[in-house]
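Good morning, everyone, and thank you for making the time. Please have a look at the structure on the screen while I talk you through it.

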Amino acid sequence: MRTNRCVRMSWAVLPVLLGLLMLTSAAFVPWARADPPPVPPEPDPAVPAVGRAWPVGARPAVLRGWEPPATLYGRGHRGVDLAAPPGTPVRAVAPGRVSFAGRVAGRGVVSVHLAGTSLRTTYEPVRATVAKGEEVAAGDVLGTVEPTGSHCTTSCLHWGLLRDKTYLDPLSLLPASLLTHGPSRLLPVLGVPLPRAVE
């Protein structure tokens, strides 16, 4: 009799225990919780923060970050993927000279050698509106995001940074003010009384 009561008691407690287990496991299962906002990368002392604009938008979502390969030809992600619908203007992040504008493996690619550095940025897939040798300023439009050719599950811009043949984190080009905040905006002042005229 006592065994039957214990079995019935355990069946009654089982839903409560399962609920608690599900709540606590959410902290350990990556897909069960929202990802925290991206943390700005540690500044790379070899990369000057010469960027003056994001390549797309004011503060686009980073769909996939930079994952340096362990070896020259190893697996990794040699750039960052920024959310951008087709037709979005792609802008130069810093002043420089267009070193390539054309197609590579069916994708539109633009590369800009950054002025005063040994660095170059790459953008793809881009329908270029600039030509090789053209000087560009930070924020100048290089082209638009193409509707096809992206390796993302949704439309995106792949943005890369190289020194010679070494890939670097392109986010390290941007100053902290661009990484942590969007552009400044003036908000309306509501509910504040107007100053009284002095008599």
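What you are looking at is a predicted model, and so I would like to start with how the predictor scores itself. The protein chain has an average pLDDT of 77, with 62% of the residues scoring at least 70. If we go through the chain by its elements, the lowest mean pLDDT, 50, belongs to helix H1, which covers residues 2-25, whereas the highest, 98, belongs to strand S8 at residues 135-136. There is also a stretch, residues 20-41, over which pLDDT stays under 50, and for that stretch the model has eleven contacts beyond four places in sequence.

Now to the sheet. Three strands form an open sheet in the order S3-S9-S7, and their pairing is antiparallel. Strand S3, at 89-91, and strand S7, at 126-128, are the edge strands, each of them pairing on one side only. On average, and with direction ignored, neighbouring strands of this sheet are turned by 40 degrees against each other.

How many bridges hold S3 to strand S9, residues 141-145? There are three bridges between S3 and S9, and in S9 it is Val-141 that stands opposite Arg-91. For S7 and S9, which also run antiparallel, three bridges join the two strands, and here Ala-128 stands opposite Gly-143 in S9.

Let me move on to the largest pocket, whose volume is about 300 Å³. Looking at where the lining comes from, strand S5 (107-114), strand S6 (119-124) and strand S10 (156-163) each supply at least two residues.

Notes: Residues numbered from 1 in each chain as written. Predicted model: local features only at pLDDT ≥ 70, side-chain atom pairs only at ≥ 80, totals over all residues. Heavy atoms only, no water. 1 Å grid on protein atoms, 1.4 Å probe; cavity = no way out; pocket = protein on both sides within 12 Å on 5 of 7 lines; lining within 4 Å. Points joined across faces, edges and corners; volume = space filled by probe spheres on them. Helix = DSSP H or I, 4+ residues; strand = E, 2+ residues; numbered from the N terminus. pLDDT = per-residue confidence, 0-100. Contact = heavy atoms within 4.5 Å. Pairing = 2+ DSSP bridges. Axes fitted to C-alpha atoms, helices over the stretch in contact; angles between N-to-C directions.
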